[in-house]
Amino acid sequence: MLCSLGSFNHIVSNVGYLILGLVLLLTAYLKQTYRTPDEVNGLPEHYQIFYGISLAICAEGILSACYHVCPNWTNFQFDITFMMTIASIGLIAIYQKRHPDITPASENTFIAIAAFILIAVFGVLFTDRWWLLAIFSLAYLVFIILICWKICFIGSFNVFSSYFMS
């Protein structure tokens, strides 16, 4: 036990998240600042999504270290929250590279991420009642299906009118 922490290696190993987040932040800044003349024309690139991913990775490193100080089922939410955020923003970045003319509305995207995390937190807090766990699992599944439906059939069906702006 170094520094009176029982899980010192688990805490220090999260420094990699901080380094990766800062390197990605610097890379996004340099790419935005030093664009070639060919990249100026055409559809504008949105670098904010890369700033969001890099800050979420830094927050994951800090909150994962907080979780490993005293790991238990309740503060596992510190560890999982930004994992879900990084995954969501990563999927949006990939989708945006594929479809540069369609930009997700950021406020609705983060409301969806918050709903995912809220359902996950309630699922953790109420595991002693099987019927509540079933309700939250069903809500989670329905929410995921609706979001996937909207992303796959963008412009064809109007499930959520403002989730994506064309």
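Q: Why is Val142 called partly exposed?
A: This is a predicted model, where local features need pLDDT of at least 70, side-chain atom pairs count only at pLDDT 80 or more, and totals for chains, interfaces and linings use all residues. Residues are numbered from 1 along each chain as its sequence is written, and side-chain values use heavy atoms, leaving out hydrogens and water. Val142 has 42% relative accessibility. Buried means under 20% relative accessible area, exposed over 50%, and partly exposed in between (1.4 Å probe, protein chains only). Val142 therefore counts as partly exposed.

Q: Where is Val142 placed?
A: Val142 is in helix H7, residues 130-152. Helices (H or I, at least four residues) and strands (E, at least two) are DSSP runs, numbered from the N terminus. The chain has 7 helices and 2 strands, in the order α-α-α-α-α-β-α-α-β along the sequence.

Q: Why is Cys58 called buried?
A: Its relative accessibility is 10%, so Cys58 counts as buried.

Q: What makes Cys66 partly exposed?
A: Cys66 has a relative accessible area of 38%, and therefore is partly exposed.

Q: How many disulfides does a search of the whole structure find?
A: The search finds 0 disulfides, a disulfide being a pair of cysteine sulfur atoms within 2.5 Å.

Q: What share of the chain counts as buried?
A: Of its 166 residues, 30% count as buried.

Q: Among contacts between residues at least 6 apart in sequence, what share joins residues at least 24 apart?
A: The share is 62%, where contact means heavy atoms within 4.5 Å.
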